[in-house]
Amino acid sequence: MKLLVTITLSAVGLLAGPSAEIPAVDAMRRVPAPDKTVQEETRWHGWVPGGQLVEINNVHGNVRAEMTEGDEIEVIALKRGTDDPEGVAIEVVEHKVGVTICAVYPNANPDHPFDCRPSHGGGFKMAATWDSEAHIRWENGGGGDVLLNDLSVDFLVRLPKRLRFIGRTVDGEVSAHLLEQDVEAHSVRGNVSVDMNSSAGADVRAETTTGTVNSEFPLAFRCDQSHGQFASGHIGHSRRTLRLKTLTGDIHLQRIHQI
């Protein structure tokens, strides 16, 4: 597996909208930017055995996953902002059940350094932010206390059908355009969007605390004042699972017709 870094410092404006695609960069170039906005792109590609996991843990920015017809995983991380791009590291942890990739901001507390740790699923146990700090814990361990800066990171993940996917971010959107893979998508302050094909289907669980669940498939809904809106159901005959959760955003389960 390889980690490739392509740096682009340019005068182009920020990508429009939270769901904008990450552009490919063909070569390294540096162009003065009057507004001091910079972009730096990091690419990783590799292969893991079928049934294993690709996991992305972000803090400030979006996570988008889509299917590839090839057999290799590709991850593109695009940093954007006015601070030094070295202020956020992209850490890749290869392990026995797959690969975990994190956007790592500087440590704020030596007693709780950031730990890019592989998980077995689950969302955020805690994600509190104020001023220039964020305190993040995942349900199955990992996370830490970090110093925030002006940099955001957008992840684009392309993965084969045979792999599972987990995407998490604190402040951003998570979208998965995957029709056959198991998917977990977790955000704190952003929307979660997932595609599904009715002929394949999935076992679905979706939960938002202050937002709404919008589904183009029949689901059973439950609402209460303390926990928000919860929707669940089994569509089709697939053993595929979708686990979708956000605190303040909306959840969109969209119907895709596969050709």
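**Rings and burial in a predicted model**

Author: In this predicted model, F114 is buried, with a relative accessible area of 12%.

Reader: Why is F114 called buried?

Author: The word buried is used for a relative accessible area under 20%, and F114 has 12%, so F114 is counted as buried.

Reader: What makes W138 count as buried?

Author: W138 has a relative accessibility of 3%, which is under the 20% cut-off, and therefore W138 counts as buried.

Reader: Why is the pair of F114 and W138 called edge-to-face?

Author: By the rule for rings, the count comes to 1 aromatic pair. The ring centres of F114 and W138 are 5.8 Å apart, which is within the 6.5 Å limit for a pair, and their planes stand at 90°, which is over 60 degrees, so the pair is edge-to-face.

Reader: What makes this pair tie together parts that are 24 residues apart in sequence?

Author: F114 lies in the loop between strand 8 (98–104) and strand 9 (124–130), whereas W138 belongs to strand 10 (residues 133–138), and so the pair ties together parts that are 24 residues apart in sequence.

Reader: How do you know that R168 lies over the face of W138?

Author: R168 is at 5.8 Å from the ring centre of W138, and a charge that sits over a ring has to be within 6 Å of the centre and within 35 degrees of the ring normal. The charged end of R255 likewise sits over the ring of F217, 4.3 Å from its centre.

Reader: Why is S175 called buried?

Author: S175, which is placed in strand 14 (residues 174–177), has a relative accessible area of 15%, and this is under 20%, so S175 is buried.

Note on methods: Residues are numbered from 1 along each chain as its sequence is written. This is a predicted model: local features need pLDDT of at least 70, side-chain atom pairs count only at pLDDT 80 or more; totals for chains, interfaces and linings use all residues. Side-chain values use heavy atoms; hydrogens and water are left out. Helices (H or I, at least four residues) and strands (E, at least two) are DSSP runs, numbered from the N terminus. Buried means under 20% relative accessible area, exposed over 50%, partly exposed in between (1.4 Å probe, protein chains only). Rings of Phe, Tyr and Trp (its six-membered ring) pair if their centres lie within 6.5 Å; planes under 30 degrees apart count as stacked, over 60 as edge-to-face and the rest as tilted.
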